[in-house]
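The following exercises ask the reader to describe selected contacts in a protein model. Each task is followed by a solution in steps.

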Amino acid sequence: MKNTPINILKIFILLGVLIFSWDGMAQKVAVVLSGGGSRGAAHIGVLKALEENNIPIDYITGTSIGAMVAGLYASGYSPQQIEDYFVSSDFARMATGQIDSRYSYYYKKDSPDASWVDIDLNLKQNISTFLQTNIISPVEMDFAFMKLFAGAAAVASNDFDKLFVPFRCVAADIDSNQTIVLRSGDLCKSIRASLTFPFYFRPIEIDNKLLFDGGMYNNFPSDVALKDFNPDVIIGSKVAGNYPKPDPDDVLSQIQKMLMSDTDFTVQLDSGVLIEPPVEKVDLLDFSKSQEFINSGYNETNIHLDEIRKLITDFRDVDEVEKSREIFNNRKPLYLIDSVQISGLNQNEAAYVHRTLVHKSLDLSLDKIEPGYFNLATDNMLEINSSYMRFDSLAGKYSLYMDIKPADRFSLKFGGNISTRIANQAFVELQYKYLFRNALRLKANVYFGRFYSSVLLGGRLDFPGKTPYYIGGRLVYNHFDYFKSNIHFFEDITPSFLIQDDNYFKVFAGIPVTKTGKLEAAATLASLEDDYYQSNIFSREDTADQTQFQCFAGSIEWELNSLNRKQYASAGAKFIISASYVTGTEKFTSGSLCTMAEDTEINHHWGRVRLIWDNYFEKLGPVMFGFYGELYLSNQNLFSNYTASLLAAPAFEPIPESKTLFLPNFRAYNYGAAGLKAVIKLSRRFDLRAETYIFQPYQQILKAEDNTAYFGGEFDSRYFMASGALVYHSYFGPVSLTANYFDTPDEKFYVVLNVGYIIFNKRAFE
């Protein structure tokens, strides 16, 4: 019997039905990942083991950290790529909100001060809005999420079913007290919402709903996978659990129980497997054990492989999966940005952002935007609330959206130092910030203490652009009472034997030189006044000798600075080279005990070059070694007497306590100095430090019988300085127990406990 056309048509129709029916009946596997904070790294090991053993992953859902791991997988990242990211320094910064030091622009940083705390003030806010809603900045996370997810979102046109594998995550709507299932929309914001743990991260607004961590109401969304995907098999990975009954004496346990609802951690399907990697309980954001947790997830999955294989009928070769992943990733558009949309700022403030970000051209890659983005993030003139990208399929490029608000106009800093010796001081500073097309900062600070007191009024104007620059000025009064810093002279301290007043007005201008450096020029008008006795034998009725130096100085300085702390650094480097010219008039007025014939007035002119190199090297075992070098060259001449000459000489002060002492042996007009440092990190906050230095003057300043000064022989003498310290780096500043040695004829050894910073306002010639 011959086949008729009708019979042939029936055969083709039957074949088509069979093909489509077979595809529709193919087994589908969903993977569900729980929340659990840093323990969620174990999910990566689970995915890795499943892929290596040809277990298909057709759908994936997750909550909180599980949403991030699931989102990465659905966005075309392999388990190995996800693992590499989780154990990287990039991920650690993202999770803790620490901005990459590569983008910490040194030229924008203010001079170091003794502050412990910096508080933003908004006089219009009530106490409820004054309190912070998050303790971790979202800036690093938002940018990282753009780089990780924007390409996949563009491929899928914001439909989570069109990702590499269909994806779901959940978030909590605290207004309606219900779980929100995120199936489409901005992928970056959806995953951010799912892992926005209350108080740690700023909540995300999606569709006019303020969303928090999905784990609050559903920490294991197997029900979502079952309802949305109707899979044949569910494989769950669980690293979280319900919180225990709250303790009446433990407020934190009560808050946790109020925030987090109990979750059903069953896979809700007979053909399902629940994998529970044995991970230890750690802090929510402690990712130091990520590799260990990944390995735990991998090993635990292998233990369950026989159980899983019994449920699987359609295995998928890992090479086939990798090929599909490559095809998906090749469809991701390049990160080219042709517009930046700013909300939350007025026109002038937005212009400041645009000039910092894009300069002249808008057609930029995300990598080129990155430095400007973090320049803004480290700028205390504004606050980036959120940022995300959207792809325009017609233009083939992205738009960058940023929600930004100006920083609070006023901020208050306070701190100082509490010492068992004489370096007690308090510090208070008030700052005012005003943002327009440029950025204006004004500040006033006060130090007061037994040894040191100071008042500073200053301002600075920053101009953004392709080559940013700044100008500014400061008016400073510094008062140093060295007699009160030396306990070995005598008890009657009413007429202090050595007082320095360092008063000046300085204007300056600078530009950045690399991200960690700046080049700055300055002009200074100074009035320096020293009151002193040239011996320690005097009474209350006596009057001190006085030297005044009215002068002008011009200087230029190049500084590179990547040190990790403003005092007791243990990493990074600082390099300074400066040149200056000083001209002025010295006026000496004799006191009641002066043996010099008459008052004098002398003109002085000198040039100087100064070089400082402070560098910490790589660790050698548990020890971090450092080197410090300093070179000072000048053609400065002697002042009218020995004490005045010493006070006019620069001092070598590498140890914090040395700044509070008058050390004649460590002052000279020309010198070289060098030292070695060793820092042992005992724990995350405790350091044990040892430092030793040699100071070599070219010619020491010596005292003649008539109290005048003269230069000693070339390289005739050299002096040593050493310090050992146990330092605890607290949240507000260092707490240090220090034993110091200074090569002086008087008191050589000092043991002192300090709480805080021994940092002063800069002197006229610093």
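The model is predicted: local features need pLDDT of at least 70, side-chain atom pairs count only at pLDDT 80 or more, and totals for chains, interfaces and linings use all residues. Residues are numbered from 1 along each chain as its sequence is written, and side-chain values use heavy atoms, with hydrogens and water left out.

**Exercise 1.** Describe the aromatic pair of Y671 and F695.

Solution. Rings of Phe, Tyr and Trp (its six-membered ring) pair if their centres lie within 6.5 Å; planes under 30 degrees apart are stacked, over 60 edge-to-face, and the rest tilted. This rule gives 52 aromatic pairs. For Y671 and F695, the centres are 4.9 Å apart and the planes make 45°, hence a tilted pair. Next, locate the partners: Y671 belongs to strand β25 (residues 671-681) and F695 to strand β26 (residues 686-697), so the pair ties together parts 24 residues apart in sequence. Strands (E, at least two residues) and helices (H or I, at least four) are DSSP runs, numbered from the N terminus. Finally, Y671, at 2% relative accessibility, is buried, and F695 is buried at 0%. Buried means under 20% relative accessible area, exposed over 50%, and partly exposed in between (1.4 Å probe, protein chains only).

**Exercise 2.** Which rings have the charged end of K48 and R460 over them?

Solution. The criterion is NZ of Lys or CZ of Arg within 6 Å of the ring centre and within 35 degrees of the ring normal. K48 sits over the ring of Y298, 5.8 Å from its centre. R460 lies over the face of Y470, 3.8 Å from the ring centre.

**Exercise 3.** Classify the packing of helices α14 and α15.

Solution. Helix α14 (residues 347-357) and helix α15 (residues 366-377) have axes 8 Å apart at an angle of about 140°. Axes are lines fitted to C-alpha atoms over the stretch in contact, and angles run from 0 to 180 degrees between N-to-C directions. Angles under 35 degrees are roughly parallel, over 145 roughly antiparallel, 65 to 115 roughly perpendicular, and the rest oblique; α14 and α15 are therefore oblique.

**Exercise 4.** Are F538 and T738 buried or exposed?

Solution. F538, in the loop between β20 (517-532) and β21 (545-561), is buried at 15% relative accessible area. T738, in strand β30 (residues 734-742), is buried at 1%.
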